[in-house]
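Keep the sequence and the 3D view open as you read.

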Amino acid sequence: MRLKKIALACAMAFTLALPFSGFTANGPVSVVEAASSASVCEKAKTTLTPTVNSVAQVTFTVTKSSKVKLAKDLNTILGITMTNGASKTISVDGVKKKLINKGGTIYIDDKTLVDYVKSISSTTTTVEWTVNTKTAQNLQKFAALSASYSYKIAIDGVVFKNFTSSTVNIGGKTYNYTVNGNSIVFEGNVKSALKGINCATVSYSDAHVLKKYAAVYATPFKRGRRTYYKCTECGKIFSNSSCDKEVTVDDLRTSTFKANSGVLQSTEGPQADGQWYKVKNGVADTSFTGFASNANGWWYIVDGKVDFSVTDIVKGKVNGVSGWWYVKEGKVTEITSVEKTSKGYWVIQNGKVNTSFTGFASNANGWWYAVNGKVTMKTTGIFKGTVDGVTGWWYVKNSKVQSSFTGIASNENGKWYVKNGQVQFGYSGKVVYNGKTYTIVDGKVQ
Ligand SMILES: [Zn+2]
């Protein structure tokens, strides 16, 4: 069988199924596998987006017997984008011709396209037409029709051959492609092969070449970092090896604490120690000693850590108030009592030492006489004050109100008759104490 070459040049203002008019090459991503620790997430892509009114040149090589098939295919393709009654100008072998769609049949001048092609004596025909933004979609259609003849399409001199619905040969190399909207997306870097096309935009996205960085676990004292993947080509950071989750360095930080600051328990991750700390920026603030609070109250912190071993009074500021605060097992405890501390016995009121308190204060063991908040455990005498709601003069021995004492007690003003710890100013008469009889007038021994 002899092949005849027909050069058809169509300058058509119709939408062609050419993947090449106005190409934008958006690069898909080509992934390069690097070293052993690297992985690849996406293939490089080159995206070709045709611009409007690009001129495509298609050369068909047909046998005599396939001419009709070609003509019918062209009729179909042109019919896709030429509405009934529409006319276009194309160039056939360099000669301008007018195309018109009459009820679905394409005419060139006064002949049907089929008759026209049949009338051409050569077997190579070059057709030129104006491609536009629909080129990509139409091209796939064109490829599907092209079984019985060969053709090549040139855009600005770049030749596309052997179209199938998913592959095309450019510059001797076959590429996979897909049509995405008005663009043709090639797998791989086709950028240089497409160089020279002016009627399209070409963009390229490189593959990400990933290097994996294993997680570093946080400790209470140092922040950690999640596993991540960094592209050695573009520097982007991803949280997974499929590159679909781009992250920032901040996103990668980990902590053994659930919040960035506060008095918190170290609970997160394998290096959490379950202890409670005053946390700043996700780590224990080891420079901090003092009081800090969380929802459960105020805590005594030593070098950044809640010190549960402390039961004592501690100087510091709680809720804006400075003073000596009563801490029980690390926690500021709002008791009102007389408590033994490392600095002696002190009167505690609502958790705080009252250093201006002089008088009687109680705890579970009784009532105590305090001067400026302190109970010396050495004071003995008779002092005025209120004990258990009763105001009077009270007999105190070793700082404790002797509420079970009844008898004669003394202070610098003399000896007094005391009953249940209290001086009996209302009593006058005789009292026998330790075998001795005392005469009492208004509570005082005469
Ligand atoms: Zn990259």
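Q: Which residues touch the most other members of the largest nonpolar core?
A: The model is a predicted one. Its largest nonpolar core has 47 residues. This core takes at least three residues from domain 2 (262-333) and at least three from domain 3 (361-445). The residues that touch the most other members are Phe291, Trp325, Trp368 and Trp394.

Q: How many residues are in the second, separate core?
A: This core stands apart from the largest one. Its members include Ala44, Ile77, Ala193 and Ile197. In soluble globular proteins, nonpolar side chains tend to be buried together. The count for the second core is 45 residues.

Q: Which residues is Trp325 in contact with, leaving aside its neighbours within four places in sequence?
A: Trp325 belongs to the largest nonpolar core. Phe291, another member of that core, is among its contacts.

Q: Is Leu70 buried or exposed?
A: Leu70 sits in helix α1 (residues 67-81). Beyond its neighbours within four places in sequence, it is in contact with Phe60, Val62, Val117 and Tyr149. The cut-off for burial is 20 or more other C-beta atoms within 10 Å. Leu70 has 25, so it is buried.

Q: What distance separates the C-alpha atoms of Leu70 and Leu113?
A: Along the chain, Leu70 and Leu113 are 43 residues apart.

Q: How many residues of strand β35 are buried?
A: Strand β35 covers residues 366-370. Five bridges join it to strand β34 (residues 359-363), and the two run antiparallel. Strand β35 is mostly covered, and its buried residues number four of five.

Q: Which residue in β35 stands opposite Ser362?
A: β34 and β35 form a hairpin, with two residues between them. Across this pair, the residue opposite Ser362 is Trp367.

Q: Which residue in the turn between β37 and β38 has a positive phi?
A: Strand β37 (residues 381-387) is joined to strand β38 (residues 390-397) by seven bridges, antiparallel. Thr386 stands opposite Thr391 in β38. The two strands make a hairpin with two residues between them. The turn residue with a positive phi, about 55°, is Asp388.

Q: Which residue is the bridge partner of Lys397 in β39?
A: β38 also pairs with strand β39 (residues 400-401), antiparallel, over two bridges. These strands form a hairpin, and Asn398 in its turn has a positive phi of about 50°. The partner of Lys397 is Lys400.

Q: Does Asn434 count as buried or exposed?
A: Asn434 is not a glycine, yet it has a positive phi of about 50°. Asn434 lies in the loop between β43 (429-433) and β44 (436-441). A residue with 12 or fewer C-beta neighbours is exposed. Asn434 has 7 inside 10 Å, so it counts as exposed.

Q: Where is Asn420?
A: Asn420 has a positive phi of about 50° although it is not a glycine. With 15 C-beta neighbours inside 10 Å, Asn420 counts as partly exposed. Its place is in the loop between β41 (414-419) and β42 (422-423).

Q: What percentage of the chain's residues count as buried?
A: The chain has five helices and 45 strands. Of its 446 residues, the buried share is 39%.

Key. Residues are numbered from 1 along each chain as its sequence is written. This is a predicted model: local features need pLDDT of at least 70, side-chain atom pairs count only at pLDDT 80 or more; totals for chains, interfaces and linings use all residues. Two strands pair if DSSP finds at least two bridges between them. Two residues are in contact if their C-beta atoms, placed from the backbone, lie within 7 Å. A nonpolar core is a set of buried Ala, Val, Leu, Ile, Met, Phe, Trp, Tyr and Cys residues joined through C-beta atoms within 7 Å. Domain bounds come from an automatic or database domain assignment.
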